[in-house]
Amino acid sequence: MTTAPPQVGDALPSFSRATGLDNWNRFAAVNDEFVPIHMDDAAGQAAGYPTAFGMGNLQWSYLHNLLRQWVGDAGRIESLACQFRSPNLKDQTVTAKGTVTEVHPRPDGWSVHLEVWTEDQTGARLCPATAVVTLTGAEEEAK
Amino acid sequence: MRAAIGTTVSERTSFPIDPSDIRRWAIAVYWPDPPPSAFVDEEAARASPHRGLVAPEEFNPFAWLAAREGGALDRAGGADVNRLERALGIPGPDLSFQLNGGLEAAYKERMRPGDVITSTTTLADYQERAGRLGPMLFTTTEDHWVNQAAATVKRARMTLIRY
């Protein structure tokens, strides 16, 4: 381990995507998730929302993308838990963000607890979450 | 309905994971940027700490089709809001809509090309709450995935909101 450990309060580099049918249809194709509320504004409106809206499972993937780009190939996502509080409406820009809440040394690196979330372009949180990851000393040396 | 809590509702086994299943998933979840090489480039992946391609942690090897589906929920098919209860042979809530309310996962072994994953899903809880759109039923299921060596891949919980 040649670098300083992560610190409580550290912010993760964000992961951001402009969202709409281009993203959602691609995800539907790999997850067999061709559900009308994710494809058709009328179905989204019938469900009580202004437009069609994106899959919770894709928000889930964006949170994993955020964590993966931070921990690197040698790190591990140990756990993730999220609540889908607000829909990802069409044409929103969704950004996954996170901050370090706890750091625990391990023989091979650090166990890091995080508050993570997705938010829209106004900063309104869509999907609050918590995560635990392992950062390894080897990975830190490689950065 | 509460009497059904603890019932195993789904037992599925995947087809062997194909490298291009992993590639397509990674392309979709990173689109429009290219996905990390660990998910698409076998040569680069061999040089990584994983020593080969791995699937993103949240990859779903059961999308589209499973090699074996043995639970009541698997046989029920369809996407109606009473599907779970119909599979269990009990009256459903007869609500109009359903949403994914939240997910939890704890990961162990990574999924790799050729792996065959078996999933066992159990009904874990029912909770009724009042929501902005009226009465809501929160249904939690627990999922345990193991690979062909019986090693745990993940334990997960999903909360389905019906209203």
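Predicted model: local features only at pLDDT ≥ 70, side-chain atom pairs only at ≥ 80, totals over all residues.
Chain A has four helices and five strands. Read from the N terminus, the elements of chain A follow the order β-α-α-α-β-β-β-β-α. The C-alpha atoms of chain A fill a box of roughly 55 × 30 × 20 Å along the principal axes. One residue of chain A deserves attention for its backbone: A:Asp32 is not a glycine, yet it has a positive phi of about 50°. A:Asp32 is located in the loop between α1 and α2 (41–46) of chain A.

Chain B contains five helices and six strands. From the N terminus on, the elements of chain B run β-α-α-α-β-α-α-β-β-β-β. The C-alpha trace of chain B spans about 55 × 35 × 25 Å along its principal axes. The peptide bond from B:Trp31 to B:Pro32 is cis, with omega near 10°.

Chain B is divided into two parts: domain 1 comprises 2–17 + 67–162, and domain 2 comprises 19–54. The C-alpha centres of domain 1 and domain 2 of chain B are 27 Å apart. Where the two domains meet, five residues of domain 1 of chain B are in contact with seven residues of domain 2 of chain B. On the side of domain 1 of chain B that touches domain 2 of chain B, three residues are nonpolar, none is polar and two are charged.

An open sheet of 11 strands is formed, in the order β1(A)-β3(A)-β4(A)-β5(A)-β2(A)-β3(B)-β6(B)-β5(B)-β4(B)-β1(B)-β2(B), and the pairing is antiparallel. At the edges stand β1 (15–18) of chain A and β2 (68–69) of chain B, each of which pairs on one side only. Helix α3(A) packs on this sheet and touches β1, β2, β3 (93–106), β4 (109–119) and β5 (125–136) of chain A as well as β3 of chain B. The direction of α3(A) makes about 145° with that of β2(A).

Within this sheet, which strands link one chain to the other? Strand β2(A) pairs with strand β3 (residues 98–107) of chain B, in the antiparallel sense and over five bridges. Here A:Ala81 stands opposite B:Glu104 in β3(B).

Strand β3(B) pairs with strand β6 (residues 152–162) of chain B in the antiparallel sense, over nine bridges. B:Tyr107 has B:Lys154 in β6(B) as its bridge partner. Strand β5 (residues 134–146) of chain B and β4(B) are joined by 13 bridges, again in the antiparallel sense. One of the bridge pairs is formed by B:Asp125 and B:Thr140, the latter in β5(B). A hairpin of two residues connects β4(B) to β5(B). Strand β4 (residues 118–131) of chain B also pairs with strand β1 (residues 8–13) of chain B, in the antiparallel sense over five bridges. In that pairing, B:Ser10 stands opposite B:Thr121 in β4(B).

The contact between the chains may now be considered as a whole. Chain A contributes 26 residues to the contact, and chain B contributes 26 residues. On chain A, the elements that give two or more residues to the side touching chain B are α1 (21–31), α3 (56–71) and β2 (76–83). By class, that side of chain A has 12 nonpolar, 10 polar and four charged residues.

Two packed helices are described by the angle between their axes and the distance between the axes. The axes of α1(A) and helix α1 (residues 19–30) of chain B come within 8 Å and cross at roughly 155°. Because the angle is over 145 degrees, α1(A) is roughly antiparallel to α1(B). The crossing of α1(A) and α1(B) is left-handed. The residues that make the contact are A:Arg26, A:Phe27, A:Ala29 and A:Val30 of α1(A), and B:Arg24, B:Trp25, B:Ala28 and B:Val29 of α1(B). In this contact of α1(A) with α1(B), six residues are nonpolar, none is polar and two are charged.

Technical notes. Residues numbered from 1 in each chain as written. Chains lettered and ligands numbered in written order. Nonpolar A, V, L, I, M, F, W, Y, C, P; charged D, E, K, R; others polar. Pairing = 2+ DSSP bridges. Axes fitted to C-alpha atoms, helices over the stretch in contact; angles between N-to-C directions. Parallel < 35°, antiparallel > 145°, perpendicular 65-115°, else oblique. Left-handed = near helix turned anticlockwise from the far one by under 90°. Domains from an automatic or database assignment.
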